[in-house]
Structures are given as C-alpha cells and as structure tokens.
Amino acid sequence: MKYLMQNIYNSAIQMAGEYLEFIAKPELTESEKNWVVNESIKGFTENVNPGFLQYRKSVSTDYTAIEWMDSGSTFTDIHGKVFIDCLGGYGVYNVGHRNSRVIEAVTNQMKRQALHSQELIDPLRAFLARLLAEITPGGLQYSFFTNSGTESVEGALKLARLHTKRFGIISTTGAFHGKSLGSLTATSKAVFREPFLPLVPGFRHVPYGNADALEVEIASAAYIGEDIAAVILEPIQGEGGIIIPPDDYFPKVRDICDHYGVLLIADEVQTGLGRTGYLFAMEHYGIDPDILCLAKPLGGGIMPIGAFISTEEIWQEMIPNPFIHTTTFGGNPLACAAAIASIHVTLDEDLAGQTAEKGAYFIPKLVELTDKYGDICLEARGRGLMIGIEFLSDEIGYEVARGLFENGILVAGTLINSKTIRIEPPLVISLAELDKVLEILGKVFSDVSKKSKA
Ligand SMILES: Cc1ncc(COP(=O)(O)O)c(C=O)c1O
C-alpha cells in the first residue's frame with residue numbers, strides 16, 4: 001500500500017512539475033500549445049465538469065478556445081486570437097486586465113507578506129477600510145472584507161438581522177445576489193433555487209421597480225408579526241437582464257424603509273466602482289443605503305475581495321463580539337493591496353466620469369443599430385458601461401453571442417439566458433475599441449437577421 005501511494009505521489013510530483021514549467025514559460029511552441037489544450041480538455045472532462053465544455057463549445061466556432069493571456073480590454077487565447085472583452089468578467093475588470101498599478105501594489109506587498117497571521121493587527125485591512133469610509137455614500141463607516149460577492153451578501157443579511165432583531169428579508173423578482181444558501185434565498189431564478197428548497201426561512205420576493213408592492217409586503221408582514229429586517233436591491237439588475245428601475249423607485253424605497261424601520265441593503269457587487277458612470281450606482285438616485293455590498297471590481301481584476309460596509313449605529317452589535325462573523329482569508333494583505341490600488345486607479349483616472357462619457361457615446365449608437373434591426377432586437381438599454389441588448393428570442397440572442405465570439409468579441413449571456421446579452425467591458429476600453437464593437441455588432445445583426453428571415 002505504502003509502495004503504491006509512493007508511486008502515485010511520484011507521478012503527481014512529475015505532473016505538478018510539468019504544470020509549473022508551463023506557468024513559467026513566456027512563449028509556447030505549437031506542440032506545447034496542443035499539449036495545454038488537450039490537458040485542459042481532459043481536466044475539464046474528467047475532473048472539473050464536462051458540462052462547461054459543452055456550454056463553451058457551443059459558442060466557440062472554430063475550436064475550443066483556451067484563454068491564456070490578458071491585458072487592458074482584451075484577452076488572448078492560446079492560439080493567439082485576440083478578443084475584445086465585452087463581458088469584463090461580469091464587472092470584475094473595471095480597471096482593465098492586469099492593470100500595471102494594481103500588479104505593482106500586489107507585487108510590493110507580496111515581497112513582504114502575503115497572508116495575515118489571523119491574530120495581530122494587519123495594517124492593510126485598516127487602510128482599505130479607511131478608504132472605503134471616505135468614498136462610500138452617506139455615513140457608511142465600518143467594513144468587513146470577504147472573498148466574493150455571495151459572502152458580502154451573506155454578511156449583510158446577517159448584520160441586518162443582528163441589528164434589527166427581526167428576521168424578514170425582502171428581495172425582488174429578477175434579482176441575483178449569489179448562490180450560497182442565504183444569498184441564493186434572496187436570488188430569484190427558480191432554476192437555481194428549486195433544487196435546494198426549502199431555503200432560509202423569512203425571505204419574500206416582490207416585483208422589482210414597484211415601490212407600492214414593496215410597501216404592501218412590508219406592511220402585511222408587520223401586521224402578522226413577522227417584521228422585516230431588510231430589503232436587498234441591486235441599483236440596476238444585472239443577471240436579471242440590465243433592468244433599470246423608474247427614477248423615483250429608490251427614493252420611494254428609502255422613505256418606505258425609514259417609515260417601517262427596515263434597513264436598505266444595496267447590492268453593488270456588479271454596479272460598484274464606476275461601472276454605471278458614478279462611483280456607486282446608488283448615486284444615480286441620490287439616496288444612501290444602510291448596508292453596501294461590494295466585490296467583483298474591488299480587487300482590481302487581480303485579487304478576489306469583497307466587502308459589506310455599514311454605519312457605526314448598525315455595526316454596534318458586531319463590536320462586543322467581533323468573532324460573530326469571521327473568514328480566514330477575507331481582507332488578506334494581497335487582496336487589500338489590490339483593492340487599495342484599484343480604488344486609487346478608479347479615482348485618479350476618473351474612471352466613473354470616463355464611463356459616463358463612453359456610455360453616452362456608445363449607447364445612442366447602439367440604440368440606432370438595434371432600431372435598424374427591429375426584426376431581431378427588442379431594445380438596447382444601459383447606464384455607463386452596464387449595457388444590455390434584448391432580442392426577440394433566446395435563440396436570436398444566442399446566435400448573436402456566437403457571431404460576436406467568432407468575430408473576436410466576448411459578451412455575457414449565452415446558453416442559460418441569451419434573450420438579453422450584456423455588454424460590460426473594462427472601463428478603460430477605448431473609443432476606437434467601442435467603434436469596433438459597434439461595427440462588428442452591425443455585421444453580426446445583419447447576418448442573424450438574414451438567417452432568421454431565411
Ligand atoms: C449583484 C450581484 N450580487 C452578488 C453576486 C455574487 O457574486 P459572486 O459570484 O462573487 O459570489 C453577483 C454575481 O454575479 C452579482 O451580480
């Protein structure tokens with residue numbers, strides 16, 4: 001048995017060594033590229049999930065695209081084909097792929113210390129929390145750092161229950177807040193929720209954008225003695241298909257929450273840090289949330305990090321018992337270094353302002369294009385560089401996503417929900433690149449329109 005295990009270990013040592021060699025190689029020969037492709041396909045088939053291969057293959061036209069390099073607004077597959085990244089990691093790459101200032105901060109920190117002791121006071125967590133207190137809306141002051149969006153939402157939900165001593169949570173139809181059990185309960189799509197029912201008790205969903213429906217639900221819950229702790233909302237629904245609520249929705253929600261003593265949680269995991277043309281999308285509506293959730297772009301496209309942030313008053317219950325909610329890796333020094341640099345770049349280069357201008361340039365041209373192809377497109381809409389194109393059917397959206405991929409543009413929304421495809425490029429995308437995206441969209445719309453007529 002011992003001999004057998006040693007053989008397995010020896011083979012694993014050899015495999016790991018080979019993988020490390022590939023990681024270290026600046027250039028690959030053709031046969032090395034083929035090796036990486038075959039090994040990746042084998043790994044996904046046998047050890048990750050072959051479902052992903054089927055999913056990706058259906059949009060990949062000439063071969064299974066294996067990503068290998070990235071920079072700025074583009075990524076390059078292993079065969080050297082360059083793609084304009086109009087998916088932007090669903091909002092991760094706001095400051096671009098491998099932003100040099102973020103890499104520099106992370107490398108500098110790496111030279112000294114990567115992860116924290118878990119016991120002493122780690123300075124970068126304090127620095128980042130101070131920065132967030134400066135830039136976030138209203139009186140938000142205390143931050144808890146996580147490793148992902150779903151964790152930021154989990155923490156926010158727990159904090160709301162802790163502070164209000166109530167257990168009801170209201171979310172909305174079309175909402176996406178993550179897929180761990182608590183955040184999944186707030187998420188709305190049946191396909192993700194149904195296999196795991198019953199989920200966390202106390203959650204209800206009301207239509208997004210309808211303040212009256214929200215008030216009825218809060219009042220009814222209070223009437224039956226099941227008071228609501230918090231309402232959780234995305235300022236613009238992302239996964240739901242770029243749904244922008246009426247202008248007066250959030251001000252009304254704020255008033256309703258204040259009236260009933262309900263906390264307002266803004267889930268800015270996708271909309272945060274410049275994506276919609278403001279640093280935080282809640283600024284569009286001129287109101288402040290009680291708890292703010294961040295993640296995707298916070299780590300500057302280099303490190304995973306999220307946060308939930310709240311006021312001194314709401315944080316009170318956490319202070320006598322700081323261990324009531326913890327995570328080993330959340331707010332580690334490398335992730336905090338990346339987040340500090342990401343905030344620095346975002347503010348220093350006025351990425352939010354740039355995004356507002358780029359959106360004002362791109363969206364009207366896109367609307368013109370979708371109007372021209374009214375036989376396949378329903379509507380184009382968006383704020384800043386959070387943009388959706390809604391098609392007449394899933395099949396048409398899927399054909400468009402496929403055509404774009406063939407022509408070197410990656411967009412979000414393919415197999416699972418392609419009726420609305422999303423355009424969320426890095427905020428550093430150039431106007432020339434946006435023009436190229438419009439040109440290729442025109443060509444693909446024309447092809448798909450001809451095909452659908454035929
Ligand atoms: C608004 C929103 N909240 C939460 C999440 C979950 O984030 P994560 O995938 O990092 O868990 C997402 C992810 O798409 C999101 O868009």
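The legends below describe close-up views of a predicted model. In this model, local features need pLDDT of at least 70 and side-chain atom pairs count only at pLDDT 80 or more, while totals for chains, interfaces and linings use all residues. Residues are numbered from 1 along each chain as its sequence is written, and side-chain values use heavy atoms, with hydrogens and water left out.

**Figure 1. Overall view of the protein chain, with 16 helices and 14 strands.** Helices (H or I, at least four residues) and strands (E, at least two) are DSSP runs, numbered from the N terminus. The chain has a radius of gyration of 23 Å, close to the 22 Å that the globule rule gives for 454 residues, so it is as compact as a globular protein of that length. This radius is taken over C-alpha atoms, and the globule rule is 2.2 Å times the number of residues to the power 0.38. The C-alpha trace spans about 70 × 65 × 45 Å along its principal axes. Of the 454 residues, 50% count as buried. Buried means under 20% relative accessible area, exposed over 50%, and partly exposed in between (1.4 Å probe, protein chains only).

**Figure 2. Residues around the ligand.** The shell consists of Ser-148, Gly-149, Thr-150, Phe-176, His-177, Gly-178, Glu-234, Asp-267, Val-269, Gln-270 and Lys-296; a residue is near the ligand if one of its heavy atoms lies within 4 Å of it. By class, the shell has 2 nonpolar, 6 polar and 3 charged residues. Here Ala, Val, Leu, Ile, Met, Phe, Trp, Tyr, Cys and Pro count as nonpolar, Asp, Glu, Lys and Arg as charged, and the others, Gly among them, as polar.

Figure 3. The protein covers 84% of the 390 Å² of accessible area that the ligand has on its own (Shrake-Rupley method, 1.4 Å probe). A polar contact is a pair of N or O atoms within 3.5 Å; within protein, one must be able to donate a hydrogen and the other to accept it, and residues adjacent in sequence count only if both atoms are side-chain atoms.

**Figure 4. Thr-187 in the loop between α8 (181–186) and α9 (190–193).** Thr-187 is buried, with a relative accessible area of 0%. Its side chain reaches the backbone nitrogen of His-177 at 2.8 Å and the backbone oxygen of Gly-178 at 2.9 Å. Both His-177 and Gly-178 are among the residues around the ligand.

Figure 5. Buried residues of α16 include Leu-434, Val-437, Leu-438, Leu-441, Val-444, Phe-445 and Val-448. An α-helix has 3.6 residues a turn, so residues three or four places apart point the same way.

**Figure 6. Gln-109 in helix α5 (residues 100–112).** Gln-109 counts as buried at 4% relative accessibility. The side chain of Gln-109 makes a polar contact with the side chain of Arg-112 at 2.7 Å.
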